[in-house]
Amino acid sequence: MSDHSTSVFAQIARAPEDPILGVTVAYNKDSDPSKLNLGVGAYRTEEGKPLVLNVVRQAEQKLVNDPSRVKEYLPIVGLADFNKCSAKLIFGADSPAIQENIVATVQCLSGTGSLRVGGEFLAKHYYEKTVYIPSPTWGNHPKIFTLAGLSVKTYRYYDPATRGLDFQGLLEDLGNAPTGAIVLLHACAHNPTGVDPTLDQWDQIRKLMRSKGLLPFFDSAYQGFASGSLDADAQSIRMFVADGGECFAAQSYAKNMGLYAERVGALSIVCKTADVASRVESQLKLVIRPMYSNPPLHGASIVATILKDSNLYNEWTVELKAMADRIISMRKQLLEALQARGTPGDWTHIIKQIGMFTFTGLNAEQVAFMTREYHIYMTSDGRISMAGLSSKTVPHLADAMHAAVTGVA
Amino acid sequence: MAIRTAITRRITSSSSGSILFNSRSMSSWWGNVQPAPKDPILGVTEAFLADPSPDKVNVGVGAYRDDNGKPVVLDCVREAERRIAGNLNMEYLPMGGSNKMVEETLKLAYGENSDLIKDKRIAAIQALSGTGACRIFADFQKRFSPVSQIYIPVPTWSNHHNIWRDANVPQRTFHYYHPESKGLDFALLMDDVKNAPNGSFFLLHACAHNPTGVDPTVEQWKEISYQFKVKGHFAFFDMAYQGFASGDPERDAKSIRIFLEDGHLIGCSQSYAKNMGLYGQRVGCLSLVCEDEKQAVAVKSQLQQLARPMYSNPPVHGALIVSTILSDPDLKQLWLKEVKGMADRIIGMRTSLRENIEKLGSPLSWEHITNQIGMFCYSGMTPEQVDRLTKEFHIYMTRNGRISMAGVTSGNVEYLAKAIHEVTKAA
């Protein structure tokens, strides 16, 4: 054929697997029947199957059967109904911020996309280019903000000794942050630790941040999934909005509506005035246009269909609570199983932590052991997705953890 | 610095009273944010929608319309949607997207029986339509060829400039459109290719150049490809209209095939927005031809590293529609028929518009309307003439004089011709 001229990219090295998504890749390659995927945070039923919510199926049928529906480009900011409903969902239907039109909301590609668009906006328009992220945090957070053009620092968050919140460390580190620094906050169900501040601690965080002029950037990926209540899981954000200050909020429907692959989310920026919000929205468009022009239609249409219909909405809250309850039940079962085996150590953090993940406290060697000997797939930081467990598989996991704790340093 | 001082002053000067009041009394962080200018293309449709006139015509954005001026969902798409609705779960796609969809998509660009595909030499990921594919490529170019620039044709789709700018890749231009002939400025194009430093990166429109509708001939493409070889240039093809230009996807991919025959290791952005009418689904593909399979694996892994911090993984719905259609021989045949139907309607409207203007006795030449190809006609009208079309006739188009032929119908072609004649007859 023709000659293969040298590629301009000949020197490119193969990138390492993404630490989280790579777990599923490894899991899929394993042929052992007892294998367990506790890696990526995607919900599974008791039967270990992915779940499409009934309300989602109903919404999809409605859409498919509507002959008037077309596939035209959405506006750059996305589907208007979706944006309105999303803002109401996170800030509360009666939120004065919404009524006063001081919120700019744009549809984005799930939580990742919302964080990236918000980050790029900040890099362009904000005077402080440093974002403080909790230690630890979701592995993709630092990459998102770095590629957005910000520099990343950390603040203390998880205390390995208590397997809970290092509240003093958190307050100290935020207290030492430069005025105006951006602070990433997990609205609820912290990923990967499952450790959340109490409402009282949230209030102290709020006061400190406002006194230092720190800019809150909330990542809300689990609203409704953590406690089972949409309102309870939004309390942290609403507290900040209620004091009249500005903040960012990234919302994802990947988990709470099971719309993972449809990439549905929203970025809201709460501003001081309606005029500012309008200008901010216009500038957000300039970030989005050179990235993907306008967001995907399908998932947002499903969400809007559900949120606008009070029957579907109510049904959704019931399905959401069922998912949250099953996870809470898995936590109890795992703790009981470890206690029954007499596994050394205090494992009560399993039921104290909240949301999809448990930060077990297992180290990388122990995790590698569990993968090798028990075909348990999880991230090397010791995080397990409770959503991947069932009553049938809890014993296998407990066996693996027991063996790892007693056998591997 | 001044801002920081002012803020610190504001914070420390407030009393030790309630933080509540402190927050309310502080001014916005975004007080200095300027209102952004409207996107020159998407802003046109916004203005059109706001116009109450019954005569209004939208020949702005490049979205296909049928002869009644209505948006179209292709039959093959409706059928695909019926098949997939409610059946599948919505688990995350891999970062690189749907493998099935990517495989089918590469066949369209590179050929059903492409050796490159057989030898697994193409690094490819599902992308967010053409925009997303170009952006990931631009980010990739920045990361792995950090001193390179991108040569962009004049004119081009306005968003190309935004994309490479936000990727922080410096831009240069090369001659393309020849205003006097309303055709290709081939001589100056070749000069620019020869004068660019060896190993430069060029953005090429594979077919149906946007906004001009002016494409090189097959012979000209061969010369361009030859000169690219001499200079060792990198060719990145943006192919947003495969099938839409001539009605035949194979024919519309000719430029790419010429480059591949000559051994170029090209990059390619593909979009299903127009040719499958999947605009709002954001479905496309980015591919890079590599020396061998090992390199393709490495390059793909790096493309995924750029996608992950942007959107993690791409949306599934549009990809499912594409793979359902392209992997079913009957649906694929139906699609090919429907694409040809769209292309034929546009070619018919070109003829009709030109005839109607000529009938009115215009002193100018309008043969470029039928010489140009694809969705757009670069009319040659000035921004002032375009403004008159909008103000006096409620006709909406971009101010560079670009007419979206897809918005022309047998119902509005006479009105459009009359208006164009009105504003240009004194020119």
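In the predicted model, 27 residue pairs, both members at pLDDT 80 or more, are in polar contact across the interface of chain A and chain B. Six salt bridges also cross this interface. One pairing is that of Lys71(A) with Glu81(B), whose closest N and O atoms lie 3.1 Å apart.

Several helices of chain A contribute to the side that touches chain B. At least two residues each come from α2 (54–64), α5 (110–125), α6 (140–148), α8 (199–211), α10 (274–292) and α11 (297–308) of chain A. The largest share, twelve residues, is supplied by α10(A). By type, this side of chain A comprises 49 nonpolar, 21 polar and 27 charged residues.

In total, 97 residues of chain A contact 98 residues of chain B. The area buried between the two chains is about 8,200 Å². Carbon and sulfur atoms give 59% of that area.

Chain B contains an open sheet of seven strands. The order is β2-β10-β9-β8-β7-β3-β4, with mixed pairing. The edges are held by β2 (122–127) and β4 (171–175) of chain B. Each has a single partner strand, so one side of each lacks a neighbour in the sheet. From one strand to the next, the twist averages 25 degrees. Helix α13 (residues 293–311) of chain B packs on the sheet and touches β2 and β10 (284–289) of chain B. The direction of α13 makes about 20 degrees with that of β2(B).

Within the sheet, β8 (residues 234–239) and β9 (residues 267–271) of chain B run parallel and are joined by four bridges. Asp238(B) stands opposite Ser269(B) in β9(B).

Notes. Residues are numbered from 1 along each chain as its sequence is written. Chains are lettered from A and ligands numbered from 1 in the order in which they are written. This is a predicted model: local features need pLDDT of at least 70, side-chain atom pairs count only at pLDDT 80 or more; totals for chains, interfaces and linings use all residues. Side-chain values use heavy atoms; hydrogens and water are left out. Two strands pair if DSSP finds at least two bridges between them. Axes are lines fitted to C-alpha atoms, for helices over the stretch in contact, and angles run from 0 to 180 degrees between N-to-C directions. Contact means heavy atoms within 4.5 Å. Buried area is the accessible area (1.4 Å probe) that two parts lose on being put together, summed over both. A salt bridge is a side-chain nitrogen of Lys or Arg within 4 Å of a carboxyl oxygen of Asp or Glu. A polar contact is a pair of N or O atoms within 3.5 Å; within protein, one must be able to donate a hydrogen and the other to accept it, and residues adjacent in sequence count only if both atoms are side-chain atoms. Ala, Val, Leu, Ile, Met, Phe, Trp, Tyr, Cys and Pro count as nonpolar, Asp, Glu, Lys and Arg as charged, and the others, Gly among them, as polar.
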